Amino acid sequence: MEPTTAPAKPQFSAAAQAEIKRLLTHYPEDRSKSALLPILHIAQAEFGGWVSPEVQDLVAETLNIKPIEVYEVSSFYTMYNLKLVGKHVLEICRTGPCMLRGSDELTEHLERITGAKVGETSPDGLFTLKEVECLAACGFAPVVQVREQYYEQLDTPEAVDAMLNELREQIHRPILSWEENELPNSLKNN
C-alpha cells in the first residue's frame, strides 16, 4: 500500500498576510469579523479565483470566527466563486436596462463563442460565464464586468469579439495591490 499524504493546508502568502494585517487595523479588535468581505476577496485572488471550503476555513481561522460564519457570507454574495472558475469570469448584467439593450443576445453569443453555458467554464479554461444583477452602468448597456473592468455597449458581435480577444491576449492575471512590491518589474502594473 502506497503512503498517502494529506493535501497541504492552504496558507496566505506573506504579501496577503501583510494586507490582511493592515485591513484589520481599520476595525476594533473585538470586531475582526467586519473584515470578512475584504479578506474573502484577498483569499479568492490568492487561491485561483475561488474560495474552496479549505480556503474558507483558513479565512475563519484568520479572523478567529466559526467556519459557518464564512460559509454563510461566501454563499450569499455572488461575487465569491464557490467552485473552480476560468481565468476570466465574465459577469453578464441581466437586469431590465441590459435586457432591453440585448443582454440575452449577448449571453447567447458568449455561449456560442466560448463553448460554455452560463454557470460553466469554457473547454479551454479561459472563460466562466456568470449572470449577475445590476452592475449600475445602465446608460452603457449591455454590460459585462471582468474583475474591476467594465466592458460596455456590447450590443454587437464585433464589440463582444473585441472584448474576448483583449482578454485572450492577457498573459498574466492583473496584479493585486498588495503584490506590487514582491514582483519583478516586468509583471508590475504600470
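This is a predicted model: local features need pLDDT of at least 70, side-chain atom pairs count only at pLDDT 80 or more; totals for chains, interfaces and linings use all residues.

Reader: Which residues does UniProt list for "binding site"?
Author: The UniProt record, an unreviewed entry, gives Cys93, Cys98, Cys134 and Cys138. They span 46 residues in sequence, yet no two of their C-alpha atoms are more than 9.4 Å apart, so they gather at one spot.

Reader: Where does Cys93 lie, and is it buried or exposed?
Author: Cys93 belongs to strand β1, residues 88–93. Its relative accessibility is 3% and buried means under 20%, so Cys93 counts as buried.

Reader: Switching to backbone. Which residues does the cis peptide bond join?
Author: Ala141 and Pro142, with omega about -5 degrees. Pro142 sits in the loop between β2 (127–132) and β3 (144–146). Most peptide bonds are trans.

Reader: What about phi? Which residues other than glycine have a positive value?
Author: Among them are Ala136, near 60 degrees, and Gln153, about 50 degrees.

Reader: Where are those two?
Author: Ala136 is in the loop between β2 and β3. Gln153 is in the loop between β4 (149–151) and α7 (157–169). Ala136 is exposed at 68% relative accessible area, and Gln153 is partly exposed at 43%.

Reader: Now charge. Which residues form the negative surface patch?
Author: Asp104, Glu105, Glu108 and Glu131. Helix α6 (residues 103–114) gives the largest share, three residues.

Methods. Residues are numbered from 1 along each chain as its sequence is written. Side-chain values use heavy atoms; hydrogens and water are left out. Patches are made of residues with over 30% relative accessible area and no salt bridge: like charges are joined within 9 Å, nonpolar side chains (Val, Leu, Ile, Met, Phe, Trp, Tyr) within 5 Å. Accessible areas come from the Shrake-Rupley method with a 1.4 Å probe; for residues, only the protein chains shown count as cover. A salt bridge is a side-chain nitrogen of Lys or Arg within 4 Å of a carboxyl oxygen of Asp or Glu. Lys and Arg count as positive and Asp and Glu as negative; His and the chain ends are not counted. The place of a charge is taken as NZ of Lys, CZ of Arg, CG of Asp or CD of Glu. Helices (H or I, at least four residues) and strands (E, at least two) are DSSP runs, numbered from the N terminus. UniProt positions are given in the numbering used here, feature names are shortened, and annotations may be inferred rather than shown by experiment. Buried means under 20% relative accessible area, exposed over 50%, partly exposed in between (1.4 Å probe, protein chains only).
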